[in-house]
Each structure stands twice: as C-alpha cells, then as structure tokens.
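Work through these exercises with the model open. Try each task before reading its solution.

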Amino acid sequence: MATQEETFKKLVSHCKEYGFVFPSSEIYDGLGAVYDYGQNGVELKNNIKRYWWDFMTRLHDNIVGIDAAIFMHPTVWKASGHVDAFNDPLIDNKDSKKRYRADVLIEDQLAKIEEKINKEVEKAAKRFGDSFDETMFRQTNPRVLEHQQHFDALHERYKKAMNDNDLNELKQIILDEEIACPISGTRNWTDVRQFNLMFQTEMGSTADGAMKIYLRPETAQGIFVNYLNVQKTGRMKLPFGIAQIGKAFRNEIVARQFVFRMREFEQMEMQFFIKPGTEMDWFKYWKTQRLAWHKALGLGDNKYRFHDHEKLAHYANAATDIEFEMPFGFKEVEGIHSRTNFDLSQHAKFSGKKIEYFDPETSESYTPYVIETSIGVDRMFLSILCGSYEEQPLEGGDSRVVLHLPAVLAPVKCCVMPLVRKDGLPEKAQEILNSLRFDVKTTYDEKDSIGKRYRRQDAIGTPFCVTVDHDTLVDNTVTVRFRDDMHQERVHINDLRDMILKAVDMSHLLRSLAE
Ligand code: ATP
C-alpha cells in the first residue's frame, strides 16, 4: 500500500500528465507557488465555480453577484487593516536557511501529539475488540492522559501567544517543544518576525507621481466598497448578500502542498449583510448551508469537519473553517466568519462617506453586520481531486488510475469512440458527438485499443464512454461504459442525451440542495 504522501506525489504528477495543472512558466523552471490550469483543469475549475455561483445567486433570492477590479484604491487596505496587520509570524532556520511560519510549526507539533493519542486509541481498539469503550479509555489510560495534558498546555500557551501577538513567546514555545527544522534537523532558529503578505506595485508613471497600490489579498474588500452601490441600485433589503469570484494574491512565506497554498489564487466569497444582533443565527445558518453544499458532491460525509478558530482575526467575533481530509491531514478549504460591522465602519471612517442601511421596518439607520463565506477555488479543486483519485487493482493483475469525480464537475462528460477506424463507424460516432455537444462537453477518440481509450477517460474522470460498433449502423444502439464500476449497457442513441443529462446536469444537484 502506498503511503498518503506517495499517493499525493502521484496525484501531483497525474495532474500534470493529464492536463489539469502545470507549474507556471515551466520552460523557465517554474515560479514558486504559482500554477497554470491545463485543458482539463480549467473545465473542472469552471464547473466548481459554476456550482458555487449558481448555488449562491440562484438558490438564494437575496444574493446577487459582482465582479470588482483587482486594483483598488490603496486606502482600502489601510481601512481594512491589511497594511498594518495582514502579517504572518516567520522564523528562519540558520542552518538550512529555510523559512517557516512559526504558527504552522507549533500547529504541526499539536497535530503530532494528537496523532500519538489516536494511535494509542487505535491500538487499544484492536486489542479489546467489541468490548472497547473509547471514552473510558481516553479518560483513564495513563499514556493518553499524559499526551492530552501536554496537548492542552501547549494549546493554551499557543493560543495566548497568538492572541497577544507575542513573537518572543512563539519562539520560546518552539524552543521548549524542541521543534527541529525538517531539513537540517537542528534547532538553530532566528527570532520570530512579522511579514506582510501583500504584493505591492505602482500605478501611473513616476513623473506623474506614481501611486503605490496592492494586489488584493482577498476579494471581500471589493464587495464592501460596493455595498452602497449594490444596495441602492438593486433596492436590496437586509438581509442580503453579494457574491464574487476572483483572483487574490498573497506573498505566502511557505508555499507548499501544490495548489493548496499559492501566491496567486482564486476565491469565491460572499458577504451577507444583516441586522446587528442577528449574527449568531446567520453564522449558524451559513455553516449549515455551506457544509451541505460540500457534502452534496458525494465525496464522503466523513471527509469534512468544522474547526473553530483559536485566534480570531482582527475583524471577527466568530469564525470556523470547513476542513477536508487531504492526504496531508484535515485542512481548511473554506472559512466562515462573523465580521461584525468592522469593514463597513472602517470604510465609512476612512472615506468620510456614510455607509449605512435605513431599516424601513424600524425607521432607524445602522451599519449592517456581516457574515462572510470564503472558499478558495484551488483548494476546492485539490480537495475534489484528492477525494476522487484512486489507483485501482483490476482482475488479472492489471490496474487503472481512475478519478471518481462528481459527474457534474467532470471536465468531459462523455467520450464517443468508434470501435474501428473504418466501415463508416467514425462518421457515425461524429454524428452522435454532434448531437450531444450542445448539452454536455463531449469528446471524440479513435486512437489505440478500446481498453486504452477507456483508461485515458478514467484518468480524467469522464463518467461515460460511448462505443460505436457495426451493430450501431444496423440498430442505432451503442455500448455505454460507466466509469466507476466499468459495467456496460446497450443503449439506443435516442436515449443517450437524457441518460447522460440525468447524471451530469447541475440542476439536479442544485435541486437536491433546495429540498
Ligand atoms: P490559511 O490559514 O491556510 O493561510 P487563511 O485562514 O488565511 O488560510 P482566509 O483568509 O480565510 O484563509 O481565505 C479564505 C480561503 O481562501 C481559504 O479557506 C482558502 O480556501 C483560500 N486561500 C487562502 N490563502 C490561499 C492560498 N495561499 N492559496 C490557495 N488558497 C488560499
């Protein structure tokens, strides 16, 4: 059995080999933590975005979309707090010269302790079999208790250091925990420093007096500065939301794990404007809504969990992450934040404009509160690939790599193949392709044996392969081969469209979420 790490490495090369993701500027040896999406990657990514966009803006009457520019007035970032506080604590190992996030080193250490506890529990569960009482074991086993005490103490200390922004204490924790650099193996650390994650550039020629501007590190601020525009022109009543999909940029200190942490990435964010005092109800509502959206894809309910934040961002009064079980552990895919009225108040203060809502029911004006849902397209993309990738042994010692992608998200829904490249079969196959292309992304393949062609489609997650043979010319039936269980069925070509649409049409998935 391959380890999780090996599987992940294979997944990364699979993404390149099958046109999902390429390193940026690869002929120049790439650019750190920047990636390009290939011919299949872009289709999958667009489908993810459509699933999100339609869920938000179609299933919720009170949510509308916008598309704000990446460049924004620099004062936006002063007001939002990003100029002063969008920092990560960094630490360097003096021997390997490698740079780390101090908070991540400590969180990894916490995860290691948790792992030790879980191992003890697993071992005991095996030993005791059916009579195993896990709660009792966790409360009484001396080794588990010892690890748990260590975990709790470290956790408390870490939380306090982060909340107090105490960089010396973060370093002290790293020293006390004897955390070593994974590269050099030494504990020869520099002090912990703050590092601002925003990219800067200049707008206008220097002769005119260039203005320093930033590449947006989140799309949310484009929504906040358009709150009044949308509310007024759309005659929106509270509660209402504004959704946006777009690029964001962060000069991440440690960029690793493929498209999980990139310097240029894409976000799908929705800010939901509400009456102050109702935020905890809406926070709960959006937690439920968003988790349901993830789970509806069918990758396995047990692969998701909520993780409440240790340290609340400067603007938040409640925050949670939806985590997905990646091969490198449960990791954040989406954040749900109760942002209070922080952003709108700050923009009112810095712009001198009144940014409020007049409530016709109570005849008062106030600054709305905000619940935000923020998900990275690229992390979502990665979670779907991790949840779908399988190296499957087959009968007779053979094997295949198959992506069990949710059919609605698959880059290609159907591939039409003539059994042989003669006798009018290619023409018939083209005819079928032409009848399907208006409804679903369909491709054509006539090279190599049918078996090889099936494998190629499995590798990109195509749910249906349609084979045209000599009988097709006589009775207009084709062989449909299904990706996941590889079973085959004879189907009349008039029934193909409906059969495929039933499985891949996003409206069915959306309908299931509205029920
Ligand atoms: P992390 O703690 O992993 O750095 P974050 O808490 O800073 O993430 P948010 O600011 O809440 O992330 O951003 C919202 C979402 O944007 C995240 O849930 C993630 O999906 C995505 N995201 C953030 N940073 C990156 C990145 N560098 N690369 C890819 N996606 C990202």
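**Exercise 1.** In what order do the strands of the open sheet of 5 strands lie?

*Solution.* The order is β20-β19-β21-β22-β23, and the pairing is mixed. Strands here are DSSP runs of E with at least two residues, and helices are runs of H or I with at least four, numbered from the N terminus. Two strands pair if DSSP finds at least two bridges between them. The edges are β20 (442-444) and β23 (488-492), each pairing on one side only. From one strand to the next, the twist averages 30°.

Before going on, note the ground rules. This is a predicted model: local features need pLDDT of at least 70, side-chain atom pairs count only at pLDDT 80 or more, and totals for chains, interfaces and linings use all residues. Residues are numbered from 1 along each chain as its sequence is written, and side-chain values use heavy atoms, with hydrogens and water left out.

**Exercise 2.** Work out how β21 and β22 pair, then find the helices on this sheet.

*Solution.* Take the strands first. β21 (residues 464-468) and β22 (residues 477-482) are antiparallel, over 4 bridges. Phe464 stands opposite Phe482 in β22. Now the helices. α15 (residues 450-460) lies across β19 (414-418), β20, β21, β22 and β23, and runs at about 170° to β19. α17 (residues 493-504) packs on the sheet too, touching β19, β21, β22 and β23. Its direction makes about 125° with that of β23. Contact means heavy atoms within 4.5 Å. Axes are lines fitted to C-alpha atoms, for helices over the stretch in contact; angles run from 0 to 180 degrees between N-to-C directions.

**Exercise 3.** Describe the crossing of α2 and α13.

*Solution.* The axes of α2 (residues 39-59) and α13 (residues 377-388) come within 10 Å and cross at roughly 110°. The helices are therefore roughly perpendicular (65 to 115 degrees). Among the contact residues are Leu44 and Ile48 of α2, and Phe381 and Ile384 of α13.

Key. Angles under 35 degrees count as roughly parallel, over 145 as roughly antiparallel, 65 to 115 as roughly perpendicular and the rest as oblique.
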